[in-house]
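Colleague: Could you take a close look at one part of this model, the strands and how they pair, and describe it in one connected account?

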Amino acid sequence: MRKNSIKNTRVNGEVQRELSNIIRGEIKDPRINPLTSVVAVEVAPDLKSCKAFVSVLGDEQSQKDTLAGLRSAEGFIRTKLAKAINLRNTPEIRFVLDQSIEYGVNMSKLIDDVTKQSKPLQQDETETRQEETEIRPEKTETRQEE
């Protein structure tokens, strides 16, 4: 099975769905933040290993605790995954913290700050343009009179 084949894409989607269900509903570890989501899953073509990209909404300590809780529950998660999905081999799961959602939120905040700062500047520019247009007709009238 190739890395980007249709079958591999389907397996990735199914593993992602089942992992999110297992993390959300079946793990009772208090270290795992309830706002944990599985962003993406990459299953190797031989179905032996799997990288699960996990996003945690919270501070840095909460993210570390959640990752530690998931790593300690890897065996349980793999067992539940094997029961839920009928694959030849159940992949060995490695959890990787995904910062893309947090990065996107920070970038949108920065964009909002810049637009808030630029609005007063745009208002000042439109006021100066209006003043310039008020001054210009007088100049053109004096030139036409000469």
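Modeller: Ser37 stands opposite Ser55 in E2, and this pair belongs to the antiparallel pairing of strand E1 (residues 36–43) with E2, which runs over seven bridges; strands here are DSSP runs of at least two residues in state E, numbered from the N terminus, and two of them pair if DSSP finds at least two bridges between them. This is a predicted model, in which local features need pLDDT of at least 70 and side-chain atom pairs count only at pLDDT 80 or more, while totals for chains, interfaces and linings use all residues. Residues are numbered from 1 along each chain as its sequence is written, and side-chain values use heavy atoms, with hydrogens and water left out.

E1 and E2 form a hairpin with five residues between them, and Leu47 in that turn has a positive phi of about 60 degrees. Strand E2 itself (residues 49–56) is mostly covered, with six of its eight residues buried, where buried means under 20% relative accessible area, exposed over 50% and partly exposed in between, computed with a 1.4 Å probe and protein chains only. E2 also pairs with strand E3 (residues 92–97), here in the parallel sense and over six bridges, and within E3 it is Val96 that stands opposite Phe53.

Ile101 counts as partly exposed because its relative accessibility is 41%.

Definitions and conventions: Helix = DSSP H or I, 4+ residues; strand = E, 2+ residues; numbered from the N terminus.
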